[in-house]
Amino acid sequence: MSSDAVTTVSVEIAGSEISFETGKMARQASGAVVVRQGDTMVLSTATIGNLRDVDFLPLTVDVEERMYAAGKIPGSFFKREGRAGEKGTLTARMIDRPIRPLFPKGWHFETQLVNMPLSVDHIHPYDVLAMNGASAALMLSPVPLAAPVGAVRIGKVDGNFVVNPSEADLVDNTDLDLVVAGTDEAILMVEAGANEVSEAEMLDALDIAHSEIRKLCALQRELAEKAGKEKLVVEPPVIDEDLVGQIAASHGQQLDEATQVEDKLARQDATKAVEEAVLVQYSGDPEADTYPEYRQRAQLAFDRLEKTIIRERIAKQKRRPDGRAEREIRPISIEVGVAPRTHGSALFTRGQTQALSVAALGTLKEEMRLDTLGLETQKFYWHHYNFPPFSVGEAGFMRGPKRRDIGHGALAERALVPVVPSTEDFPYTIRVVSDILESNGSSSMASVCGSSLSLMDAGVPLIRPVAGIAMGLIKEGDDYVVLSDIAGVEDHLGDMDFKVAGTERGITALQMDIKITGVTFDILRDALSQAKEGRTHILGKMAEVIEGPRSELSQFAPRISTIKIDPDKIGLLIGKGGETIRGLCDEFDAQIDVDDDGNVLVYAQTGQQGDALIDRIRSMTKEVEVGDSFQGKVVKTTTFGAFVELAKGTDGLLHISNVSPGQRVDTVEDVLNKGDEIAVRVVEVDRERGRIGLRLAEDPDIVGKSVEELATVGSGGGGGGGDRGGRGRDRDRNGRGGDRGGRGGRDRDRRPRGDRDPDRS
């Protein structure tokens, strides 16, 4: 291979070089390019297949993650990559959405875009590079794409906008994660997550992004001029304007009336009836050879007339298909707690769009583990979205989530992330599922509202509730109208789908797809302002049903309590071979997690069980102090007293002179035996000697005395047991006795070690 066949171009974006190289890899593809920034490399290919007899664009976009790119081996059982993960799917959608509208009308060749990350440096994310690479591959190929698409990411770090921030900043240190794609003339796609960013800041970020996008588009044009292939010529389908006029004369009134029926299914049926009548009248004899051609011509003319009637009615007469005004939001009804045995649930209905959102709480060990090319390895909150076919009155296969389902779930998740409490404040794993039960536009934003409601119903302490709304645009010439809460037909025939989610303070998620050029920043400013107005209205409706998170969790949710213990006591809590911690879990029907810093999480079925277990752990691990009372068990009797277990691994000595106050006894066994439970109070603690002296709790000599007085009692005479006090034995994680010779548990002869009386031992 000659080096002359390799073409490389580069540009500097925000101080970092991005290069496109073609002619070295994947040379049999219709177009192939390696995009590189730092040590992150992505191979993007565009391949043209067979010509198909279809009436749609047969475009597929794939992102194939290879774990070797990050020096990893897949964690699956088969140790190889399977179907695309969530990150790959979302990246494929971000590639598809801005590029699809730029294909020429009538392009019916099978076309596949494949993007493979070859190397990932964990500084420069691969997704934006793949978006640029896919467009560059098309520019090199024979596909007559209308214009190149550039893409950049904007972050907000320490209050300042940053172009293409590092992956570490995206994970830990940004209030904005904004991906923007567009041509050198207009923005086409926006995908954003934000920490309550204002509308004005979002517009500023879009403006910064577009200036960088122009540089990338120019670079792709340069690459195509140097190494691009000759473009194919495509004849766009011709619409017979005379036939459009004929259909308007014969069926225009019927079509106008049919498209104004308010109910979605009834409107579809009425419109379909007019369509069938038109096709029958203008397709000719079904037996004739010209029938397929005439039918296709009639279909194109009917589609043009339907689109024109609806768009002109909205843009000029300001009347929407369901009769609403441009800013009017459909009627909203809300119920919470609809599924009684779940941890939190909500039914959010807006017009003919309905979402059932259900929240489930689990322990931190039930987190989602991520086996990806990124830095993140786990998630404690996530959202899943399902769109069954019955939601639109259809029968169809249900074979797992589609790309659209994954994308909508990620959007709703992103909208709630800024207000979901951290695991330090709320130590639960949280999953929300939104099942769309009915759909007529903006189901993803309905799932945002439903999720916020279900989390509050579950008692999750959200910082603030979040609502979402979908905006639309109809633009005819210089005239345009921005539509609030768009329905399905307005999305299908409109020029923009603009989804905005956020709190009363700002935007938390944004997704925009623009189908036309000429959408100015003035239009975007109007859309964002109108979206804020609609979002505020919806938040008000939500507050009428539930103002904030419930004060208590559902009785069916696990109870999680926390306690901080001395890290030196962790071994004591765990016990030899985990015996102690397992015993506690079995006794209280609970789960205990402890980290190296001594943070203990207790997961119990009820609050009562959790509180009791916390009390037990506290008593086991606290430092014994003079004045503490215990219900202890006699674990050994000797000639000089009884050893009483105060907590697991910690004993104290009740001297023989104190086993029966006011009476002299000859042997301890006259009063106490091994296994007896007695109430005692600590009257002496000598940490240097490891000695704990006890008296019976009802001993008249100590009842009512202060801590200082008890210390005096303990140090006087035999009350503290002299040198024969009990030892506390704090053990390490393996149950060993630390500097006590590595012996686990209690001393086998139950005798205090150290300054023991040799005659008594």
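Which residue stands opposite serine 357 in E17? I looked it up in this predicted model, and serine 434 is the one.

**Entry: the open sheet**

E13 covers residues 353–362 and E17 covers residues 429–438; the two run antiparallel and are joined by nine bridges. Both belong to an open sheet of five strands, ordered E11-E12-E13-E17-E16, with mixed pairing.

I then checked the edges. E11 (332–336) and E16 (381–386) each have a single partner strand, so one side of each is left without a neighbour in the sheet. From one strand to the next, the twist averages 15 degrees.

Next I went through the helices on this sheet. H9 (residues 443–458) packs on it and touches E11, E12 (344–350), E13, E16 and E17. The direction of H9 makes about 145 degrees with that of E12. H11 (residues 521–545) packs on the sheet as well, touching E11 and E12. For H11 I noted an angle of about 40 degrees with the direction of E11.

**Entry: the barrel**

How many strands make up the closed barrel that runs E25-E26-E27-E29-E28? I get five, and the pairing is mixed. Here the twist averages 50 degrees from one strand to the next.

I zoomed in on one pair in the barrel. E28 (residues 677–686) and E29 (residues 691–696) pair in the antiparallel sense, over six bridges. Valine 685 has isoleucine 692 in E29 as its bridge partner.

**Entry: a hairpin**

E23 (residues 590–594) and E24 (residues 599–604) run antiparallel, with five bridges joining them. They form a hairpin with four residues between the strands. I checked the turn too: glycine 598 has a positive phi of about 90 degrees. For valine 594, the bridge partner in E24 is valine 600.

**Entry: aromatic pairs**

Is tryptophan 107 buried or exposed? Its relative accessibility is 1%, so I put it down as buried. Phenylalanine 109 comes out at 24% and therefore counts as partly exposed. Tyrosine 385 and phenylalanine 387 make a stacked pair, with 6.4 Å between the centres and 15 degrees between the planes. Both of these residues are buried.

Back at tryptophan 107, I also found an aromatic cluster, made of Phe103, Trp107 and Phe109.

**Entry: charges over rings**

Which ring does the charged end of arginine 399 sit over? The ring is that of phenylalanine 397, and the distance to its centre is 4.0 Å. I logged a lysine case as well: lysine 87 lies over the face of tyrosine 126, at 5.9 Å from the ring centre. With the cut-off at 6 Å, I keep that one on the list.

**Entry: serine 16**

The relative accessible area of serine 16 is 17%, and I list it as buried because the limit is under 20%. What does its side chain make a polar contact with? I found the side chain of glutamine 37, at 3.1 Å. Leaving aside neighbours within four places in sequence, serine 16 is in contact with Val11, Gln37 and His124.

Technical notes:
Residues numbered from 1 in each chain as written. Predicted model: local features only at pLDDT ≥ 70, side-chain atom pairs only at ≥ 80, totals over all residues. Heavy atoms only, no water. Buried < 20%, exposed > 50% of the residue type's maximum accessible area, 1.4 Å probe, protein only. Phe/Tyr/Trp six-rings, centres within 6.5 Å; stacked < 30°, edge-to-face > 60°. Lys NZ or Arg CZ within 6 Å of the ring centre and 35° of its normal. Pairing = 2+ DSSP bridges. Axes fitted to C-alpha atoms, helices over the stretch in contact; angles between N-to-C directions. Polar contact = N/O pair within 3.5 Å; in protein donor to acceptor, adjacent residues only side chain to side chain. Contact = heavy atoms within 4.5 Å.
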